[in-house]
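Hello,

Here is the structure I promised to pass on. Please open it alongside this message; my notes follow below.

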There are 2 protein chains.
Amino acid sequence: MPRTQPVKSCVGKRNAIYAQSGGVTAVINATACGVIETARRHRGKIGKVLAGRDGIIGVLTEDLIDTSKEAPAAIRALRHTPAGAFGSCRYKLKGLEENRAQYERLIAIFKAHDIGYFFYNGGNDSADTAWKVSQISEQLGYPVLCIGIPKTVDNDLAVTDNCPGFGSVAKYVATSMREAGYDVASMARTSTKVFVLEVMGRHAGWITAACGLAAEQPGDAPHILLFPEITFDPEKFLASADAAVKQHGYCAIAVSEGLRDKDGKFLSESGVRDAFGHAQLGGVAPRLAKLVRDRFGYRCHWAVADYLQRSARHIASKVDVQQAYAVGKAAVDLAIKGRNAVMPVIVRKSNRPYKWTIGVAELKDIANRERMLPRDFITEDGFYITARCRQYLAPLILGEDPPPFKNGLPAYVRLKNVAVPKKLGTTFAI
Amino acid sequence: MPRTQPVKSCVGKRNAIYAQSGGVTAVINATACGVIETARRHRGKIGKVLAGRDGIIGVLTEDLIDTSKEAPAAIRALRHTPAGAFGSCRYKLKGLEENRAQYERLIAIFKAHDIGYFFYNGGNDSADTAWKVSQISEQLGYPVLCIGIPKTVDNDLAVTDNCPGFGSVAKYVATSMREAGYDVASMARTSTKVFVLEVMGRHAGWITAACGLAAEQPGDAPHILLFPEITFDPEKFLASADAAVKQHGYCAIAVSEGLRDKDGKFLSESGVRDAFGHAQLGGVAPRLAKLVRDRFGYRCHWAVADYLQRSARHIASKVDVQQAYAVGKAAVDLAIKGRNAVMPVIVRKSNRPYKWTIGVAELKDIANRERMLPRDFITEDGFYITARCRQYLAPLILGEDPPPFKNGLPAYVRLKNVAVPKKLGTTFAI
């Protein structure tokens with residue numbers, strides 16, 4: 001692994017900022033738990049861990065949360081609580097040349113709160129932001145170590161073998177597809193013959209691929225997977241759906257929200273108008289269901305999992321929870337060692353038994369890159385996953401780690417999120 | 001409880017038919033497990049339990065399954081397997097006067113296979129069918145005891161306190177709403193402000209009501225519930241959604257698929273046309289999201305759980321599983337006692353601690369009746385559940401009963417479903 005120079009002046013006790021970025025997941029709080037618990041074990045090096053309220057926006061506006069006000073049990077409960085406990089946001093820093101004021105503001109905040117460590121937990125946009133911040137210490141003369149921490153349900157980060165957040169979505173969609181498949185199979189003779197489940201992953205088909213894990217034996221649901229990487233061919237699709245109905249009595253389909261036609265247009269946007277002539281809001285699943293129904297007359301049902309899939313902590317993958325915690329812990333360990341501009345990543349050691357470890361990557365190698373499903377993970381006809389893909393995916397959903405339940409429902413924590421008193425007399429427009 | 005006369009000639013060892021009917025649930029197989037396991041403990045009275053393949057259709061077409069070919073472990077595994085293991089169907093018997101041939105066919109099948117007991121597991125339509133069958137033994141001179149067994153996610157059966165199948169959907173939708181609520185809350189500042197979850201229950205709002213269990217403290221999701229029992233008022237709804245966004249930063253909404261406007265028209269059908277002018281396939285959630293977005297410009301997301309909710313055995317309610325098993329067992333116990341034209345029902349003894357027992361109801365009191373959400377279970381403004389409703393619902397989602405997992409996914413059983421050799425030389429057109 002390439003090494004960056006330790007920033008010497010970070011030695012000594014300094015505070016840290018942790019911020020969540022982009023779409024949240026079932027396990028991003030497990031990462032927060034890993035960061036905060038590990039930092040608390042290094043009190044000689046790291047003073048307080050402050051969190052940005054709603055991510056980087058809270059940092060820029062000096063809206064910081066003092067995590068030292070949270071009891072150990074509350075921090076521990078983050079491990080089993082979905083979504084972003086401190087709030088997240090979609091907000092990308094511009095380049096230093098384009099918006100120097102943003103960076104000067106960050107440095108001002110860092111100085112005011114004696115910040116020596118900045119942990120930024122997000123996807124590839126966030127890796128870009130983290131990388132930019134990692135470069136400013138020298139340019140603006142303020143010593144801060146910046147560590148990115150991977151997170152995304154889309155599993156599309158470069159370098160890392162997989163992304164914390166993905167394994168739990170994968171487990172959720174595969175479980176849901178298996179269950180719905182049993183349902184449809186048992187009713188198909190007189191009722192629904194075609195079922196479509198729409199899942200996330202606008203550009204990369206990892207989540208769609210994970211639906212394929214539901215099938216263990218030939219004929220099991222799902223029968224067709226529609227990836228964003230493969231141009232949608234309506235006639236081929238219809239023929240394939242009809243064949244599945246004729247062969248198995250029913251057809252279960254998983255489709256990416258980002259499925260596109262030959263003109264590159266999202267299926268979810270094509271042609272549907274409401275009574276006023278406005279384009280109808282999303283939903284590729286209902287489009288496909290309609291296609292099939294209009295052609296064959298089969299009764300069709302469809303589901304859109306939307307946020308349910310990425311917040312489903314109740315059916316999280318244990319491997320995913322462990323990895324999410326581990327990258328949080330590793331980020332602090334790296335900071336303690338004086339590393340800057342890096343991200344802890346997951347390295348696969350073996351498939352059977354599944355073994356993994358934490359490695360270190362340069363933020364610049366991850367920033368703004370997107371990893372699609374490799375073509376050899378998709379069968380030649382474009383409608384299914386290969387054995388190779390299955391081998392890659394299978395370990396990521398292993399193990400259960402249910403949250404505690406109270407009154408029949410998962411007991412998730414809500415932190416106090418006590419604000420840190422502001423020290424700067426200035427505001428900052430977002 | 002009123003008593004029907006035991007049909008004397010059923011004394012002695014006879015076979016039984018068990019059939020599943022209507023929409024399947026996460027726990028209808030737990031009922032099948034209760035029936036078969038209990039029958040196997042009464043071998044002196046009940047010979048084989050045969051199952052109708054795809055419900056009553058399999059009975060009419062002499063397509064019967066021999067459950068005695070299944071190992072005890074396979075039958076046991078039904079307790080944790082969702083959907084209908086023998087297949088179900090939507091098919092309602094006509095009255096004896098309208099279609100005497102159907103009943104003569106049933107009797108022919110019963111005679112050929114020495115059937116003394118008929119267990120019909122379904123909702124109110126099925127209770128009607130079961131009742132009709134229970135009346136034919138005398139009229140057509142063939143002795144058979146007919147016992148209905150309750151099942152429906154819609155929770156709309158009369159007499160019984162609640163319906164097996166409902167508790168698990170309730171637990172699923174409340175869990176999902178809680179999780180999605182955490183998700184939206186953590187992103188609302190810069191992303192989605194309004195989230196809509198569409199749930200089942202076309203006529204009765206029980207499942208929609210159950211979403212309300214997700215909220216424990218003021219401000220928790222969901223903020224608005226839209227019941228099929230309450231006529232949709234767009235302006236009141238929009239004002240309420242906007243108020244929630246302004247007060248809590250976001251608004252989470254649960255809506256019944258059966259929401260109707262003031263003309264009694266389903267929202268999901270109103271006005272949406274595709275490029276060819278055809279009415280667009282269902283989905284009230286996207287309609288509501290669009291309404292809100294068009295009025296206020298808020299970013300909206302929506303999910304349609306569809307079959308995912310009723311097949312989600314992985315998050316089943318333990319109370320529901322126990323009750324589903326218990327009604328199956330009780331049905332056999334009633335048959336052994338010579339009861340006819342009855343249905344075991346769930347009787348609530350106390351709320352805290354929750355205590356229940358099995359009672360007996362007359363099929364004729366359940367057939368074709370539908371139990372809506374009482375008006376005093378809904379708040380005066382029509383947008384929420386009352387404390388009284390919460391008290392009723394709360395016990396039904398208690399306890400977890402996860403299935404075994406294998407390779408990271410629920411391990412559900414597929415029975416061999418060995419066909420019983422046909423004895424009649426005749427076919428029957430469905």
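A definition before the notes: the domain bounds used here come from an automatic or database domain assignment. Please also keep in mind that this is a predicted model.

Domains of chain A

The assignment for chain A gives two entries. Domain 1 is made up of 8-152, 316-369 and 402-410. Domain 2 covers 166-311. Between the C-alpha centres of domain 1 and domain 2 of chain A there are 35 Å. The two domains of chain A do touch: 12 residues of domain 1 are in contact with 7 residues of domain 2. On the domain 1 side of that contact, 7 residues are nonpolar, 4 are polar and 1 is charged.

How the two chains are related

Where chain B meets chain A

Now the contact itself. Here 68 residues of chain B are in contact with 68 residues of chain A. On the chain B side, five elements each supply at least two residues: helices H6 (166-187), H9 (284-296) and H10 (307-311), and strands S9 (300-304) and S13 (409-410). H6(B) gives the most, with 13 residues. By class, the side of chain B that touches chain A has 35 nonpolar residues, 19 polar and 14 charged.

A helix pair in chain B

One last item. Look at helix H4 (residues 100-112) and helix H5 (residues 124-140) of chain B. Their axes come within 11 Å and cross at roughly 80°. Angles of 65 to 115 degrees count as roughly perpendicular, so H4(B) and H5(B) are roughly perpendicular to each other. From H4(B), the contact is made by B:Tyr103, B:Glu104, B:Leu106 and B:Ile107. From H5(B), B:Val133, B:Ile136 and B:Leu140 take part. By class, this contact has 6 nonpolar residues, no polar ones and 1 charged residue.

Best wishes

Terms used
Residues numbered from 1 in each chain as written. Chains lettered and ligands numbered in written order. Predicted model: local features only at pLDDT ≥ 70, side-chain atom pairs only at ≥ 80, totals over all residues. Helix = DSSP H or I, 4+ residues; strand = E, 2+ residues; numbered from the N terminus. Nonpolar A, V, L, I, M, F, W, Y, C, P; charged D, E, K, R; others polar. Axes fitted to C-alpha atoms, helices over the stretch in contact; angles between N-to-C directions. Parallel < 35°, antiparallel > 145°, perpendicular 65-115°, else oblique.
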